[in-house]
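I opened the model to look up a few local features. My entries follow in the order I checked them.

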Amino acid sequence: MVTSRLLRTLSAFNTSARHWVPITPRIAQSQVAQRLSPKSQKKDASRTQRLSLVSWNIDAFSSRPVSRAKLLLNHILESPKSPDIIFLQEVTSDVRASLLDNSRVRAALLVTDAEDQTSFEGVPFATMTLLSRARFASDLDPQKEGDGVERGKFMLGSVSRVTVPSKYRRDGLYVDIIPPTVPGTVFRLINVHLDSLGDTLLYRAKQIKMLADVLREPGCGGGIIAGDFNAIRPEDEGLVDENDLVDAWTALHEREGPDGATWGVGVERQDGLGPGRLDKVAMMGLKAEEMEGLRPGRIEVPKPGQTSDEIPWSDHYGLRCTFTI
């Protein structure tokens with residue numbers, strides 16, 4: 001099935017020009033495959049590369065969204081386990097602008113959607129993907145090999161938003177990466193925020209199926225679908241398996257257990273909904289090595305003439321997952 005896509009770009013911050021510049025996608029899949037003999041592809045495929053991902057729904061609707069997002073991102077980047085890949089969901093236009101103006105982001109990361117605000121028009125929020133400049137090649141890398149790529153770095157292919165059936169105009173934001181050890185194969189990183197609330201189960205089922213099919217397209221060796229799956233109803237729990245994807249949490253922990261919840265933790269809700277594992281990392285053709293939940297810190301919300309409140313950075317826990325290609 002042909003899927004509709006909105007082409008996007010990854011950008012790097014050019015310190016000389018003082019603005020974000022689009023990265024040129026690297027060698028197309030067909031060109032890479034033609035360069036390598038089957039023997040050399042088989043040899044390279046025996047070597048593995050490790051990558052780490054943090055995915056976090058940063059909560060668009062609570063107070064002080066820009067300040068909360070800044071604290072949350074600083075927490076991610078200051079961690080001894082600073083990730084190679086960051087998936088963010090519920091990014092507002094104001095938060096996007098703040099991220100693009102952040103000195104740490106400019107120095108260390110490549111970002112999607114720096115070129116314009118198209119993905120943020122007509123919706124309350126969107127997703128953004130950020131990649132480590134230490135692990136992924138860009139046009140601004142100072143030291144390059146003969147093919148224009150710094151040794152050992154992943155090359156970057158196309159970036160697109162896959163249009164999916166959605167009540168809320170959600171999509172799947174993907175970045176194609178090409179490992180240095182398997183240069184004839186593309187792997188796809190898909191950042192998702194599936195439709196919210198219990199009455200949109202049919203939308204979520206269609207969304208996961210379409211995105212799983214995107215991982216099976218010719219030239220793609222697999223990848224990840226990660227983010228807020230909004231797995232609210234019992235029927236949501238089977239959607240990953242039904243599409244022949246591997247749920248990284250259950251693969252590593254065998255069962256959910258109380259530590260698997262990423263939403264509603266320690267909160268008493270009037271609607272009766274308890275803690276749930278709404279956020280997930282699903283894989284195809286990759287192997288999960290480690291995974292843990294990330295508890296949000298807290299921020300003060302001043303109240304004139306009253307004692308200030310404290311609220312979490314987000315109503316979701318984050319997820320950190322390490323995997324190998």
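This is a predicted model: local features need pLDDT of at least 70, side-chain atom pairs count only at pLDDT 80 or more; totals for chains, interfaces and linings use all residues.

Which residues does Gly227 touch, not counting residues up to four places away in sequence? I found Ser55, Gln89, Val192, Leu278, Asp279 and Lys280. Contact here means heavy atoms within 4.5 Å.

Residues are numbered from 1 along each chain as its sequence is written, and side-chain values use heavy atoms, with hydrogens and water left out.

**Entry: Gly227.** I placed Gly227 in strand E11, residues 220-228. Helices (H or I, at least four residues) and strands (E, at least two) are DSSP runs, numbered from the N terminus. I then looked up burial: Gly227 is buried, at a relative accessible area of 0%. Buried means under 20% relative accessible area, exposed over 50%, and partly exposed in between, with a 1.4 Å probe and protein chains only. One of its contacts is Lys280. Gly227 and Lys280 lie 53 residues apart along the chain, yet their C-alpha atoms are separated by 5.9 Å.

**Entry: whole chain.** I counted eight helices and 17 strands in the protein chain. Of its 325 residues, 53% are buried. I also checked contacts between residues at least 6 apart in sequence: 71% of them join residues at least 24 apart.

**Entry: H3 against H4.** How do helices H3 and H4 pack? H3 (residues 65-78) and H4 (residues 93-101) meet at an angle of about 45 degrees, and their axes are 9 Å apart. H3 is therefore oblique to H4. Angles under 35 degrees count as roughly parallel, over 145 as roughly antiparallel, 65 to 115 as roughly perpendicular, and the rest as oblique. Axes are lines fitted to C-alpha atoms, for helices over the stretch in contact, and angles run from 0 to 180 degrees between N-to-C directions. I read the crossing of H3 past H4 as right-handed. In that sense the near helix is turned clockwise from the far one by less than a right angle.

From H3, the contact uses Pro65, Val66, Ala69 and Leu73. From H4, Asp94, Val95, Ser98 and Leu99 take part. I sorted these residues into six nonpolar, one polar and one charged. Ala, Val, Leu, Ile, Met, Phe, Trp, Tyr, Cys and Pro count as nonpolar, Asp, Glu, Lys and Arg as charged, and the others, Gly among them, as polar.

**Entry: positive phi.** Most residues other than glycine have a negative phi. I noted two residues with a positive value. Asp59 has a phi of about 70 degrees. Asp59 sits in the loop between strand E4 (50-57) and H3, and is buried at 5% relative accessible area. Glu90 has a phi of about 60 degrees. Glu90 belongs to strand E5, residues 85-91, and is buried at 11%.

**Entry: cysteines.** How many disulfides does the structure hold? I found zero, a disulfide being a pair of cysteine sulfur atoms within 2.5 Å. Cys220 is buried at 13% relative accessible area. Cys321 is buried at 1%.

**Entry: Ser103.** Is Ser103 buried or exposed? Ser103 counts as exposed, at 57% relative accessibility. I located Ser103 in helix H5, residues 103-108. Ser103 and Phe13 are 90 residues apart in sequence and 9.8 Å apart in space, C-alpha to C-alpha.
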